[in-house]
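Here are a few friendly notes to read with the model open beside you. Take them one at a time and find each residue as you go.

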Amino acid sequence: MTLRAEPEDGADQAAGGAPGLRKIIHVDMDAFFASVEQRDEPDLRGRPVAVGFAGERGVVAAASYEARAFGVRSAMASAKALRLCPELVFRKPRFEVYRAVSQAIRAIFLDYTPHVEPLSLDEAYLDVTEDRRGIGSATRIAELIRARIRAETGLTASAGVSYNKFIAKLASDQNKPDGLCVIRPGEGARFVAGLPVKRFHGVGPKGAEKMARLGIHTGADLRGHDLPFLRQHFGSLADYLYRAARGIDLRAVRADRPRKSIGGERTFHHDISSGPALRETLDGIVDIVWERIERARGQGRTVTLKLRHSDFSTLTRARSLPRPVADKAEFAALGHGLLADLLPLPQPVRLMGLTLSALVGEEPEAPPVSPEAKAGQLSLW
């Protein structure tokens, strides 16, 4: 069957180069770290579990759905998580186990397509436009993948199936946990219109609050504003928001997607405010991060310093060069320059981080689709 996408939904080039809509699957493991712990320790099943450290300086890295029901979330201070859920069980992270499980899941993906773009250990995009196994339906492929993940790892995954990455990712979150959501060509703009803008990737709590002050609560509200209005209020994010409100995303699934940044951070056992202590800490972070940069053969133009205060507010400062950072000495000098501009600090900090970004080879943002773009063959169901 041939399906035609409505113009506002956009069109794209298939992974093999032929014109037409893509078939994209976004797979997202359900509460991945916590689910692995519950799988490996059956007594934890059905109980609220947090992966992280329960100490005074601890932070929740992941929370089971039972914990989320109490309001426990990732990146939350462990002390607050325990106040919300006194029965919360903490388990230390076992990243070597999570990586092994992630590799097993990726092997499943590769049985269906070579076009796999991992976003993290627990989620990935798959382009299944080329039906290499003759299954005939992107939805059926998603069902088979989810069934194999359950059978081979004992874990559940949610999936979104659509014709671009933006909508597939939104769809994968629609019926979590252990759910599947399919958004067909012609349905994207309507699907996006009914979602709260806080669901859009890149729109954080502060962005959602700003939108609310402007009367923007849903995708439909966002679509009601033209590009000049969005640029006036949201600057460089405007073009993305304009396309997102229309369900447009032309990014390809890239198996060799370059890293966006290389960095590292350190959480202190005790808050630090003195300049000498902060500079010494920064030197240690520079050593660690530059080793990672060399190992990844990374080259980037932007250095960003991150400080998290004792009240959990976060401050970032960045400096960009017209060329890649030359060497470790220049990387360190830029980081120390950013720190010097902030001293003396108004309050102590509990965390410091340093990142190199604007990496050479970073994928540029895709341009908007023209209304004349033609739709192609796609079987989603």
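1. **Ground rules.** This is a predicted model, in which local features need pLDDT of at least 70 and side-chain atom pairs count only at pLDDT 80 or more, while totals for chains, interfaces and linings use all residues. Residues are numbered from 1 along each chain as its sequence is written, and side-chain values use heavy atoms, leaving out hydrogens and water.

2. **The whole chain.** The protein chain has 13 helices and twelve strands; these are DSSP runs numbered from the N terminus, with helices being H or I of at least four residues and strands being E of at least two. Of its 381 residues, 45% count as buried (under 20% relative accessible area, with a 1.4 Å probe and protein chains only). Among contacts (heavy atoms within 4.5 Å) with a separation of 6 or more, 65% join residues 24 or more positions apart.

3. The axes of α1 (residues 32-40) and α4 (residues 95-110) come within 11 Å and cross at roughly 100°. Axes here are lines fitted to C-alpha atoms, for helices over the stretch in contact, and angles run from 0 to 180 degrees between N-to-C directions. That angle makes α1 roughly perpendicular to α4 (the term covers 65 to 115 degrees). On the α1 side, the contact includes Phe32, Phe33 and Val36, and on the α4 side it includes Tyr98, Val101 and Ile105.

4. **Helix α12.** The 22 residues of α12 (residues 275-296) should span 32 Å at 1.5 Å a residue, and the end C-alpha atoms are 31 Å apart, which agrees. The expected span is 1.5 Å times one less than the number of residues. Buried residues of α12 include Leu278, Leu282, Ile285 and Val289. The buried residues pack against β9 (261-272), β10 (300-309), α13 (328-342) and β12 (349-359). After α12 comes Arg297, with a positive phi near 55°.

5. **Glu123.** Is Glu123 buried or exposed? Glu123 counts as buried, because its relative accessibility is 17%. Glu123 lies in strand β6 (residues 123-127). Not counting residues up to four places away in sequence, Glu123 touches His26, Val27, Asp28, Pro118 and Lys169. The unreviewed UniProt entry annotates Glu123 as "active site"; such annotations may be inferred rather than shown by experiment.

6. **Ile145.** Ile145 sits in helix α5 (residues 138-153) and, at 0% relative accessibility, counts as buried. Leaving aside neighbours within four places in sequence, Ile145 is in contact with Ile108, Phe109, Tyr112 and Leu126.

Methods: Angles under 35 degrees count as roughly parallel, over 145 as roughly antiparallel, 65 to 115 as roughly perpendicular and the rest as oblique. Buried means under 20% relative accessible area, exposed over 50%, partly exposed in between (1.4 Å probe, protein chains only).
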